[in-house]
Amino acid sequence: MFRTTLRSSVQLLSRRAPSTILRTQGTAYRYLTQEARSQIQKAIEASPVVLFMKGTPDQPQCGFSRAVVQILEMQGVPPEKLKAYNVLADPELRSGIKEFSDWPTIPQLYVNGEFVGGCDILLGMHQSGELETYFESKGIIPKLEELADDAAAPSSNSDASKAP
């Protein structure tokens, strides 16, 4: 009996305002405090490359976090330009970063304050070669031309550079 009543009520509601019902279904409301939002923003701006991950770069505690760390190493991102935050150590950060970026998964990578993506995005960019170009354009890693120029230039300590 209850099912029949419920079914007819839902049908009546759906005839009246189907868009309202669809919009409210599955919506989860989270509220990130201004203080937490400010702390995350400061963390993102504090370093050129910021990674929110499970574990640490030395000891990732998730396969996706491990994959992102390996991608960053293969791309040649200098450790001094990378700051990683372990979301497992702070439950508020773990949920807050998802709301901050409007991205449902961890790890999350930010470059020069800009959200890049998670593991799947980074893996695709890495495989296509786009990630290297992106890091070069943001000044995270040197461009190949700069490396070639540095290698071709004589060093100041060589005998060829000394005047007779």
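Asp102 is exposed, with a relative accessible area of 67% (exposed means over 50%, buried under 20% and partly exposed in between, using a 1.4 Å probe and protein chains only). You'll find Asp102 in the loop between H5 and E3, and its phi is near 60 degrees, a positive value in a residue other than glycine. This is a predicted model, so local features need pLDDT of at least 70 and side-chain atom pairs count only at pLDDT 80 or more, while totals for chains, interfaces and linings use all residues. Residues are numbered from 1 along each chain as its sequence is written, and side-chain values use heavy atoms, with hydrogens and water left out.

**The overall layout**

- The protein chain has 8 helices and 4 strands (these are DSSP runs, H or I of at least four residues for helices and E of at least two for strands, numbered from the N terminus).
- Walk along the sequence and the pattern reads α-α-α-β-α-β-α-β-β-α-α-α.
- Out of 164 residues in the protein chain, 28% count as buried.
- Take the contacts with a separation of 6 or more: residues 24 or more positions apart account for 61% of them (contact means heavy atoms within 4.5 Å).

**Helix H4 and helix H6**

- H4 (residues 63–75) packs against H6 (residues 119–128) at an angle of about 30 degrees, and their axes are 10 Å apart (axes are lines fitted to C-alpha atoms, for helices over the stretch in contact, and angles run from 0 to 180 degrees between N-to-C directions).
- H4 and H6 are therefore roughly parallel to each other (angles under 35 degrees count as roughly parallel, over 145 as roughly antiparallel, 65 to 115 as roughly perpendicular and the rest as oblique).
- The H4 and H6 crossing is left-handed (that is, the near helix is turned anticlockwise from the far one by less than a right angle, while clockwise makes a crossing right-handed).
- On the H4 side, the contact uses Phe64, Ala67, Val68, Ile71, Met74 and Gln75, and on the H6 side it uses Cys119, Leu122, Leu123 and His126.
- Sort the residues of this H4 and H6 contact by class and you get 8 nonpolar, 2 polar and no charged (Ala, Val, Leu, Ile, Met, Phe, Trp, Tyr, Cys and Pro count as nonpolar, Asp, Glu, Lys and Arg as charged, and the others, Gly among them, as polar).

**Helix H4 and helix H7**

- H4 also packs with H7, at an angle of about 65 degrees and with axes 10 Å apart.
- That makes H4 roughly perpendicular to H7.
- The crossing of H4 and H7 is right-handed.
- Here Ile71, Leu72 and Gln75 of H4 meet Leu131, Glu132 and Phe135 of H7.
- The contact of H4 with H7 splits into 4 nonpolar, 1 polar and 1 charged residues.

**The nonpolar cores**

- In soluble globular proteins, nonpolar side chains tend to be buried together.
- The largest nonpolar core has 19 residues, and Leu109 and Phe135 touch the most other members (a nonpolar core is a set of buried Ala, Val, Leu, Ile, Met, Phe, Trp, Tyr and Cys residues joined through side-chain atoms within 4.5 Å).
- Two or more residues of this core come from each of strand E1 (49–53), H4, strand E3 (108–111), H6 and helix H7 (130–137).
- H4 gives the largest share of this core, with 4 residues.
- Skip its neighbours within four places in sequence, and Leu109 is in contact with residues including Val49, Leu51, Leu72, Leu122 and Phe135.
- There is also a second, separate core of 12 residues, with Ile44, Leu93, Phe100 and Tyr110 among them.

**Loops worth a look**

- Most residues other than glycine have a negative phi, and most peptide bonds are trans.
- Asn112, in the loop between E3 and strand E4 (114–117), has a positive phi near 50 degrees.
- Asn112 is partly exposed, with a relative accessible area of 41%.
- The peptide bond from Ile106 to Pro107 is cis, with omega near 20 degrees, and Pro107 lies in the loop between helix H5 (91–101) and E3.
- Ser47 sits in the loop between helix H3 (34–45) and E1, and Ser47 is buried, with a relative accessible area of 10%.
- Leaving aside its neighbours within four places in sequence, Ser47 is in contact with Lys81, Leu82 and Lys83.
- Gly76, in the loop between H4 and strand E2 (82–86), is partly exposed, with a relative accessible area of 41%.
- Gly76 and Ile140 are 64 residues apart in sequence, and their C-alpha atoms are 8.9 Å apart in space.
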